[in-house]
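Colleague: I am new to reading models like this one. Please walk me through salt bridges and a pocket.

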Amino acid sequence: MKKIVYLFITAIVLSSCGNGDQKSVDSLITEGDLDALREKKAEISERQKVLENEIRLLDSVINSKDKNKKLPLVSIIEAKTQKFNHYLELQGDVMTKQNVLIYPEMAGTLLRVYVTEGQSVRKGQLLASIDDGGMTSQLQQLKTQAALAKTTFERQKRLWEQKIGSEIQYLQAKADYEAQGNTVKQLQSQLAKSSIRAPFSGIIDDVIKDQGTVVSPGPGSEVFRIVNLSNMYIDVEVPESYLGSVTKDREVKVYFPVLGDSVTTKIRETGNFINPSNRSFRVEIPVPNTKGQIKPNLTAKVQINDYTQEAAILIPQSVISENAEGEQYVYVVSDESEEAIATATKSIITTGKTQGDIVEVLTGIENGDNIITEGARSVKDGQEVKIIKG
């Protein structure tokens, strides 16, 4: 139908111009009169504008009456309000505050090691013993002397209470008893250093010194490494721009790429100091380790929930376009007919946060609007479209 109209108009143009006009143009070109040429050009241009307007008018009428016209095919989604959680993605390493090297407190030969690598131990459990250099025998002698001093003091006390004997004898017996008791306590404290005990419950990660090795306090003489895998955490640096949104008790998703496993937890503590070198603050995230697979220094991907909107409109980022002024827009369909034909209308939108390929729309779209997804690039504002169902 449209081709017939174009052929009809072309025939009218040719018949109106005729050979006389063509010869006139040729003759004007031959004569070379510049003013005449310009006048002829203006005359032809005016006729061209009239014809173009008539063609547009005919196109409009044809489109309104042609039931077999081809419309752009589009797919749509309905905008619905839903809860939106935005997550700040960071990376950190697993740490534990109970990961220590155990050093001896006295010099001597490591007489016996009571534990092996990988063994679970309780707080205060004996791990190893060091040769005490005869202090055990000295302690027994001191305890004997202390027992005698105690007996002497108790007898002297009873006599003094019966007004028998002098006060100086009573005071001397008391001072001797107390001195002997203090000496025993001092030697017991010194002797306790020959026993290496677990400072907390955990796992013996490494037995560094073998039985029979001479050890002494100080660097280079560590005997064990003990780790508590039940009190793990992740320490991450968060940019200062999130100071108001990343707070204590915020939900955190932690993923361990090596294990292919993830856990959900909450922020335990936030730092009160902004690091001037990278403008960030510290966040501590506890990590439950029920399976015992999480180890210190394990790399983890952390997602911190920094924003929540209970009734947000979310759309795919791929349906959003941008005009020359930098405005973002989508096409919304309305007035859908029984034949699934509707009108596409451009809607300028403002967007909020983005999570993956999903964007939060703040303005420009209402709950229940039908948004064009597939085919949006070939649609114009106000154009009729054919909606593909299903």
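Modeller: We take the salt bridges, then the pocket.

Modeller: This is a predicted model: local features need pLDDT of at least 70, side-chain atom pairs count only at pLDDT 80 or more, and totals for chains, interfaces and linings use all residues. Residues are numbered from 1 along each chain as its sequence is written, and side-chain values use heavy atoms, with hydrogens and water left out.

Colleague: How many salt bridges are there?

Modeller: A salt bridge is a side-chain nitrogen of Lys or Arg within 4 Å of a carboxyl oxygen of Asp or Glu. By that rule there are 9.

Colleague: Which residue does R268 meet in a salt bridge?

Modeller: E284, at 2.7 Å from N to O. R268 sits in the loop between β14 (261–266) and β15, and E284 in strand β16, so the pair ties together parts 16 residues apart in sequence. Strands are DSSP runs of E, at least two residues, numbered from the N terminus.

Colleague: Is E284 buried or exposed?

Modeller: Buried means under 20% relative accessible area, exposed over 50%, partly exposed in between (1.4 Å probe, protein chains only). E284 is buried, at 2%. R268 is partly exposed, at 32%.

Colleague: Which residues are linked in a network of salt bridges?

Modeller: K97, D235, R268, E269, R282 and E284. Within it, R282 pairs with E269 at 3.2 Å between the closest N and O atoms.

Colleague: What lines the second largest pocket?

Modeller: A pocket is an open set of points on a 1 Å grid over the protein atoms alone, where a 1.4 Å probe fits, with protein on both sides within 12 Å along at least five of seven lines; lining residues have an atom within 4 Å of a point. Here the lining includes Y103, E105 and R197. Strand β8 (residues 195–197) gives the most, with 3 residues.

Key:
Helices (H or I, at least four residues) and strands (E, at least two) are DSSP runs, numbered from the N terminus.
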